[in-house]
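I am opening my notebook on a structure that is new to me. Here is what I will be reading from.

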Amino acid sequence: MRFRFDLMAAALGVLSACTGKQVPEEKPNILFILSDDHTSQAWGIYGGILKDYVHAPNIGRLANEGVVLDNCFCTNSICTPSRATILTGQYSHHNGVYTLANALNPDSMNIAKVLQGNGYQTAIIGKWHLKKQPAGFDYFNVLPGQGRYWNPILKTKDNWEDGYGGGKEYEGFSTDVIADLSIDWMKKRDKTKPFMMMCHFKATHEPFDFPDRYKNLLDGVELPEPESLYDSGPETTGRTFKGQVLENLRDRYLDNTKNPNYWAQYPELPFSVDGLDAREQRKKTYQKLVKDFIRSGAAIDDNIGKLLDFLEEEGIADNTVVIYTADQGYFLGEHGFFDKRLIYEESLRMPFVIRYPKEFNGGRRIDDIILNIDFAALLADYANVEKPDFIEGRSFRNNLKGETPEDWRKSMYYRYWLHLVDRPGHFGIRNERYKLAFFYGQPLDMAGAQQETTEPAWEFYDLQKDPHENDNAYHDPAYAGIIKEMKEELILLRKEVGDSDESYPVMRELVETHWNN
């Protein structure tokens, strides 16, 4: 494949030299594969206690042939807002998608519209989760809402009806169905034009279902546990809130009758904790969660392989940018948690691997701070389109080639808007070593937020000395100077990204009152 491409490139170079005319560079195809919650702890290529238990040979294949981002982060760790940011290149407070209840306005600009207007065929198949009809795509076939794992219903322009009605049922497991539909579209594409295919899996979102071929994966295996699995909460860690603890997931396992159309999808129920003490119940819940999660992720990996094989068979692998990422991270028992939303590393980090044989060799990693606001800028760059003004991020194409710009960011801004009592609204800053967050705990009229407030509080972590964020060091006098500097930078970052809270007087009062507490 590489040899054939080199011969073609050489031939084009000779033609250009002989005619004196510049031969236009062939625009690459783009295959953007996105999963839901498929956290870095379950990819294998990021190490960790589960690396020898996950089934992810094709993620490893991509890593060996491409570049892995070690410090890629989302700016609002929850599904709908992250997907809106990926498409628009904008923070939540600019694209208007703050919470799970918000919709992406079809009239707003996004990267699909940009590529579509510059000669690309565009398609999205699988999870959409942005409420209103997709715009900027020549073809879409998407799940209504979360969709379902088995015999999924997907909707095209022809059978849309509304956000949840309409659609066609497809037999099989959703991950397999979505990959097969994506391949079918690529087979039928106009081969005279480049394409952008966005293949979006439902997996590994709760309830973490999997196909029958993986039902026995990890049977009889006891998975290793994170050191903070039995974390007892704020009393021992200095954490300032409860969090989404595994006991809440245990209760869903025990009673899945409240919404049978959804909760009944949990695999291998009923679940029993009879005769087990609190520690044993958390242990059993952890083992089920992570085994189901790994099984669900194994089906994603199968289909990544299927997609890569198609590109090879079609003879377009060398000229196709392949990206695999997840919309955010996920807790797999760390701090006794499941779910995401928080600025902590397991939730904040977006695992990301990219392959583009024409431009860079494989087997490399970069640790630059990359954000999901940057994805749209990267895709525009590969399409040879000047970055549109609406995109707030920057292309990291040079970073991938080992040529990081000198002015590349050294810190990032994060904000989670959907306030819940156990996961309060907060904003913060993360740089190459430290993390500082203000948990302001206010609903701010956000759709879906709980109205009960929580006491505003700060958290600070030294990621070099405490990489798993087990000890809130905010009140440690040894860090007073660093915290002061980070607060000053946080003010500047909030101004830089335009997050001023002008519409929320209560926030301005809270910040003023608690900034130096």
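**Helix 14 and its partners**

I began with the packing: the buried residues of helix 14 are packed against helix 4 (92-95), strand 13 (411-416), strand 14 (426-431), strand 15 (434-439) and strand 16 (457-462). For my own reference, helices (H or I, at least four residues) and strands (E, at least two) are DSSP runs, numbered from the N terminus. Contact means heavy atoms within 4.5 Å. Buried means under 20% relative accessible area, exposed over 50%, and partly exposed in between (1.4 Å probe, protein chains only).

A note on the source: this is a predicted model, where local features need pLDDT of at least 70, side-chain atom pairs count only at pLDDT 80 or more, and totals for chains, interfaces and linings use all residues. Residues are numbered from 1 along each chain as its sequence is written, and side-chain values use heavy atoms, with hydrogens and water left out.

Which residues of helix 14 are buried? I found Ile-483, Met-486, Lys-487, Leu-490, Leu-493, Arg-494 and Val-497. Seen down the axis of helix 14, these buried residues fall within an arc of 125°, so they line one face of the helix. The arc is that of the directions from the helix axis to the C-beta atoms. On the face turned away from the buried side of helix 14, I noted the exposed residues Lys-484, Glu-485, Leu-492, Lys-495 and Glu-496.

I also checked the length of helix 14. At 1.5 Å a residue, its 18 residues (480-497) should span 26 Å, and the end C-alpha atoms are 26 Å apart, which agrees. The expected span is 1.5 Å times one less than the number of residues. Just after helix 14 comes Gly-498, with a positive phi of about 75°.

**Helix 15**

Next I looked at helix 15 (residues 505-514), where Met-507, Leu-510, Val-511 and His-514 are buried. They cover an arc of only 95° around the axis, which puts them on the same side of helix 15. What do these buried residues pack against? Strand 13, strand 14, strand 15 and strand 16 are their partners. Pro-505, Glu-509 and Glu-512 are exposed on the face of helix 15 turned away from its buried side.

**Helix 12**

How many of the eight residues of helix 12 (residues 375-382) are buried? Seven are, and the helix is mostly covered. My list reads Phe-375, Ala-376, Ala-377, Leu-378, Leu-379, Ala-380 and Tyr-382. Asn-384 follows helix 12 and has a positive phi, near 60°.

**The largest pocket**

Rolling a probe the size of a water molecule over the atoms shows where empty space is left. The largest pocket has a volume of about 560 Å³. It is lined by 23 residues, of which Gln-41, Gly-48, Glu-334, Glu-346 and His-468 lie nearest its centre. A pocket here is an open set of points on a 1 Å grid over the protein atoms alone, where a 1.4 Å probe fits, with protein on both sides within 12 Å along at least five of seven lines; lining residues have an atom within 4 Å of a point.

**Two loop residues**

Gly-66 sits in the loop between helix 2 (57-65) and strand 2 (67-69). At 0% relative accessibility, Gly-66 counts as buried. Beyond its neighbours within four places in sequence, its contacts include Ile-354, Phe-360 and Arg-364.

Ile-369 lies in the loop between strand 11 (364-366) and strand 12 (370-371). With 3% relative accessibility, Ile-369 counts as buried too. Among the residues it touches, not counting those up to four places away in sequence, are Asn-71, Trp-408 and Glu-432.

Most residues other than glycine have a negative phi, and most peptide bonds are trans. I made a list of exceptions.

- A cis peptide bond joins Glu-206 and Pro-207, with omega about 20°; Pro-207 is in the loop between strand 8 (195-200) and helix 7.
- Phe-208, in the loop between strand 8 and helix 7, has a positive phi near 60°, and at 0% relative accessibility it counts as buried.
- Leu-269 and Pro-270 are joined by a cis peptide bond, with omega about 10°.
- His-129 is not a glycine, yet its phi is positive, about 65°; His-129 is buried, with a relative accessible area of 9%.

Conventions: Points joined across faces, edges and corners; volume = space filled by probe spheres on them.
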